[in-house]
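Trainee: I would like a close look at a single part of this model. Please take me through the side of one chain that touches the other, and whatever belongs with it.

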Amino acid sequence: MTGQADKERGGAGARKRSKVVRWQGLLIFVVLGALVAGLWLLFVDRYAERAIESAGTSIVGAKVELDQADVSLSPLGLTLVGLKVTNPDAPMTNAFEAGRIAFRMDGPNALRRKIIIEEMSVEDVRLNTPRKTSGAVASTGKTPLEQLAELPSFVIPNVQEAFEKEKADLRSLKLVAGAAADAETARTRWEEKLRELEAAADIEKYKKRYAEFKAKTGKVTVGNLIGGSADLIALQKAVKADIQTVTEAKKLFTADFSALQKVAADAPATIRDDTRRIIDKYSLTPAGLTNISRMLFGPKIASSVRSALQWNERLTPFIERVKEKVNGKDVVKPVRAEGRNVRFREDRPLPDFLARLAKVSISLPQGSFAGRVENMTSDPDILGQPLKFAFSAEKLKGLRSASLEGTFDRVDPAARKDVLNLRLRGYEARDVKLVASKSLPVDLAEGLADLDVSASLEKGSLTARITAGVRSARLLVGKGEERQGLAGRVDGAIRSALAGVTSLSLTAEITGTTEDFELKVRSDLDEVLKSAVGGLVRDQLAGFEGDIQKAIAGEVDGPLGKLGAGLKGLEAVGLDLDTLNKKLADLLKK
Amino acid sequence: MIQSVIKILKVLNSETHPAQISLGLCFSVIVAFTPKFSLHNIVIYFLILFFRINLSAFLLGSFLFMGVGALLDPLFHRIGLALLTMPWLERLWTAFYNATMWRVENFNNTVVMGSLVSGLVLFAPLYFLFNRAVLYYRKNVYAHVQNLKIVKAIKANNFYQRYQSLKDWGGLS
């Protein structure tokens, strides 16, 4: 009985066992799901840390490191500790270091792959901190302001140095070398043309035809006269047509020849122009010694501008994502995924990343700066508002006040406009190296400096103005490498003049494009130095000018010779054209 | 490697129905082609476990097709881009784009879209192809394989015997 019941139960159980579904699989799915979720929770911090380091490194182009990342699920947020971004141009320096970055994210939007942050706090930011690698620490030991104030080497270049630097840009050399090559090409072309013309206007053939005509008309008959005059007219027409062709060819030839001749004739003048340009650039001109400021401050300012432009370009991926258009749709490259993301119209458009407000505190040796950055987003076109930032500080150590503000307006990518304004007041400069020259090192031992920088970059066009003033200044002119002759005397005069300077002001104006900008620098040091070394400079200039001109003429000499040879060859072709024309004209006289 | 050989033998030689093996392989193609933790793959993991689909075939297929999927990514990108930028599908994609579930799925990524659509399109043809291949193997190749020295050696291995003893545990064949 019992056995029978068991059999029946077993049979019922077998019938119940589905052939399609396995219920225990559901349990396993839940267990596996829980396991994956547990593992995710366990490793999400580490994963976030690695993801930020890897994405940051690929964007910046230099190592980005993070000490710790802490992801919280409720409320959804992220805290980053010890973020270090290496300066790609100086791998031993961190361009940016943040002690702590914390923010909360909007959960539902995060599910839609949108990072929306209402408020972010960025604390303990430090700039230009040294990095430790293999136990070696490379530190310049300079604050950013000191680096900005550092000036280029002040050396009056010798002829050879100036010439070598400018050789590639010599207009005279380019013109003459170009004309020499053109003359050679023109000679070959015109010789070919002459052969063609001579073949077409076959003088012997014309003479033969004329002789035949004369023989025919020897007997005076009506038929001979009529037929002969028709032949004569045809012959005359052919000869006149050839004369016309040759005359037009000669006109073109003359135009070519004259243009090349003009280059050769103008060569001395272009050499003089090049000489003047180099002198203006390198020497202290007697007309007010206006170039001293450019010589002193120009290279450093230009290098600072280039560095700022590079950082502007590096920041671009963060503040303006590159979008392609495919069939009218915006297509963007995701930061950490394959393929591209295609964007569609949203009911409530939001950028993929947006931090509406970031409160930032920056620690500098002078003290702490506080500031705010608004509308940080990779999609400003969607947000419709530009990124704005403003930092300020007062009563810092050795600095009365400082403020930095600006905007990155990329709302309309075609009309992008970035604006930056920096204002420093009462900077107590001490031991700032102004001129790092071997022969004439100049330090600002002490002084009270004010600095204003205003710059704008609009549609690739750069405009900037830098004004700096130093009062209560004490300049220290070091005893550098002794130079002989005039250079030594100029050094001496400059040393004495600078030792008496107690205040100085400088204005730099930058205009142009990001790739090619012009820099104009004015300083009251010009006047000081003009009176100090004007006489010496006038003497120096005479020699410098002569030597530079000789060097340029020497360089241009070879191509000028080639141009002369080419012109002689062309001249011969011109004579041949004239001869051909004359021969054709003589035919008509017969 | 040995484990893979054991698995393939186990899968193909088991008494599992060819349709269950084929389904496992077909689902593995989608999982291998598309990002592992996509929303649709979570659904596939559920289907694999909940329905009587051959798990070994699925795992083995996922492993084998993973490399193929990576190689085909550029093709998936092009397919996905073409689909996502088709003007007559724009309304559909826009509706998806505004729905949270589809954003979680990341459907608007060209590689996700291209690989998913490719996997789905290949699903039915591959199902019939795998079915026929399993039947052919069992009828014509199985006996020869059993006589191979390497197979005999593997079957004599302790590990294989333990694996055999686990057969039919909880119906997860």
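Mentor: What follows goes from the contact between the chains to a sheet that takes part in it, and then to confidence. The model is predicted, and its scores are ipTM 0.79 and pTM 0.59.

Between the two chains, 27 residues of chain A are in contact with 27 residues of chain B. On the chain A side, two or more residues come from each of α2 (23-60), α3 (107-111) and β9 of chain A. The most come from α2(A), which gives 5 residues. Sorted by class, this side of chain A has 12 nonpolar, 10 charged and 5 polar residues.

The strand in that list, β9 of chain A, belongs to an open sheet of 3 strands in chain A, with the order β7-β8-β9 and antiparallel pairing. Its edge strands are β7 (323-326) and β9 (341-342) of chain A, each pairing on one side only. Strand β8 (residues 329-332) of chain A is joined to β9(A) by 2 bridges, and the two run antiparallel. Within the sheet, A:Asn341 in β9(A) has A:Val332 opposite.

Confidence in chain B is highest in helix α5 (residues 90-97), at 94, and lowest in helix α1 (residues 2-13), at a mean of 52. Over residues 168-173 of chain B, pLDDT stays under 50, and the model has 9 contacts beyond four places in sequence for these residues.

Definitions and conventions. Residues are numbered from 1 along each chain as its sequence is written. Chains are lettered from A and ligands numbered from 1 in the order in which they are written. This is a predicted model: local features need pLDDT of at least 70, side-chain atom pairs count only at pLDDT 80 or more; totals for chains, interfaces and linings use all residues. Two strands pair if DSSP finds at least two bridges between them. Helices (H or I, at least four residues) and strands (E, at least two) are DSSP runs, numbered from the N terminus. Two residues are in contact if their C-beta atoms, placed from the backbone, lie within 7 Å. Ala, Val, Leu, Ile, Met, Phe, Trp, Tyr, Cys and Pro count as nonpolar, Asp, Glu, Lys and Arg as charged, and the others, Gly among them, as polar. pLDDT is the predictor's confidence in each residue, from 0 to 100.
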